[in-house]
Amino acid sequence: MVYEYFDEFDVEQIPRRYIRNMEDPFEKYNDNTFLKRYRFPKLIVMDQLLDLLGIHYNNNRGLPIPPILQLLITLRFYATANFQTVCGDLRGIDQSTVSRIIKRVSHQIASRFRDHVKFPQTEAEWAVIRQQFFEIAGMPGVGGCIDCTHIRIQNPGGINGEVFRNRKGWFSLNVQLVCGPSMEIHDLVVRWPGSYHDSFIFNASHACAVYSNNNHNLILLGDNGYACKPYIFTPLLNPVTNAEKNYNKAHIKTRNIVERVFGVWKRKFPCLRRGLANSPNTIVSIIVACAVLYNISLKLRLPEFPVEDETDEEVPKSFSE
């Protein structure tokens, strides 16, 4: 009997082969299911979103997750606000990895904010905005509509935690939005806790500087949460004359567009409605990223999501009443 002896140091080391047990979402889901889960059609995600958002992150450690899959993970989270759901859909990726991916990709998308969310830059662009607003209800000189919405968050804790508790008793960020006549987002402020008043947020915002300078003879329409100024018009509390009543009707009809924007935005990305339990910096990036993606979807003329899609996922337990 012949025995062969092999020195372990003489044996050629074979690189470890990694196999990620994961189904391809592009193959797994049909077009309608994919759109419902990721909020964008397959072709848009594959051919345009990565380039538009500049997501090209990769590394050589272990088994890198491709940028396209990182984007899908993040989009899926925006549609659910639930790490467990994302992990269940994309097998082979644990929750800690999903959390890091969402944080990183959200920061990357948010960094493109000024490329996709901005005020008109020229007098000609402002003239188009004023004309489009005028065609809604006959109000001249309108350059935008403003309002705030509360995005639910988990109690941040610490000595300043209670500052985030809003007047309804739950923790939130009070997010200010200025929109145009085509429901596009012109400006977004995501920095103030839920206890801060809408008027205070506006006075400290870039939008206040834009409209108060009045270089383009613009007015901004807001509700009674804002002080009436030469450049910001609010409804009359007790209209008496026909002129006052007509003003209120035109104001309400025109400013209603910002309410529609909030509705479409939160249906597109239900994490904004269900609440976010991420770290404070990541929450800000997620909200900003959702605004960027909303404007991109508007430019691509993608369809709105119907109301019934809001019940697609359960509300995270940490936010249930």
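This report describes the confidence, the nonpolar core and the aromatic contacts of a predicted model.

The mean pLDDT of the chain is 84, with 83% of its residues reaching 70 or more. Among the elements, strand β2 (residues 172-179) has the highest mean pLDDT, 97, whereas helix α5 (residues 83-89) has the lowest, 71. Over residues 1-21 the pLDDT stays under 50, and the model has eleven contacts beyond four places in sequence for this stretch; residues 308-317 are likewise below 50, with 20 contacts beyond near neighbours in sequence. Where pLDDT is low, the predicted coordinates should not be read in detail.

The largest nonpolar core has 89 residues, and those with the most contacts inside it are Leu 49, Tyr 78, Trp 265, Phe 269 and Ile 287. Helix α13 (residues 280-299) contributes the largest share of this core, eleven residues. Beyond four places in sequence, Leu 49 is in contact with Phe 40, Ile 44, Leu 71, Leu 75, Leu 293 and Ile 296.

| Pair | Centre distance | Plane angle | Geometry |
|---|---|---|---|
| Trp 126 and Tyr 211 | 6.2 Å | 75° | edge-to-face |
| Trp 192 and Tyr 196 | 5.1 Å | 35° | tilted |

Because Trp 126 lies in helix α8 (residues 123-137) and Tyr 211 in helix α10 (residues 206-213), their pair ties together parts that are 85 residues apart in sequence. Trp 126 is buried at 2% relative accessibility, and Tyr 211 is buried at 0%; Trp 192 is buried at 13%, whereas Tyr 196, at 29%, is partly exposed.

Charged side chains also meet rings: Arg 152 lies over the face of Trp 170, 4.3 Å from the ring centre, and the charged end of Lys 268 sits over the ring of Phe 40, 4.6 Å from its centre.

Methods:
Residues are numbered from 1 along each chain as its sequence is written. This is a predicted model: local features need pLDDT of at least 70, side-chain atom pairs count only at pLDDT 80 or more; totals for chains, interfaces and linings use all residues. Side-chain values use heavy atoms; hydrogens and water are left out. pLDDT is the predictor's confidence in each residue, from 0 to 100. Helices (H or I, at least four residues) and strands (E, at least two) are DSSP runs, numbered from the N terminus. Contact means heavy atoms within 4.5 Å. A nonpolar core is a set of buried Ala, Val, Leu, Ile, Met, Phe, Trp, Tyr and Cys residues joined through side-chain atoms within 4.5 Å. Buried means under 20% relative accessible area, exposed over 50%, partly exposed in between (1.4 Å probe, protein chains only). Rings of Phe, Tyr and Trp (its six-membered ring) pair if their centres lie within 6.5 Å; planes under 30 degrees apart count as stacked, over 60 as edge-to-face and the rest as tilted. A charge sits over a ring if NZ of Lys or CZ of Arg is within 6 Å of the ring centre and within 35 degrees of the ring normal.
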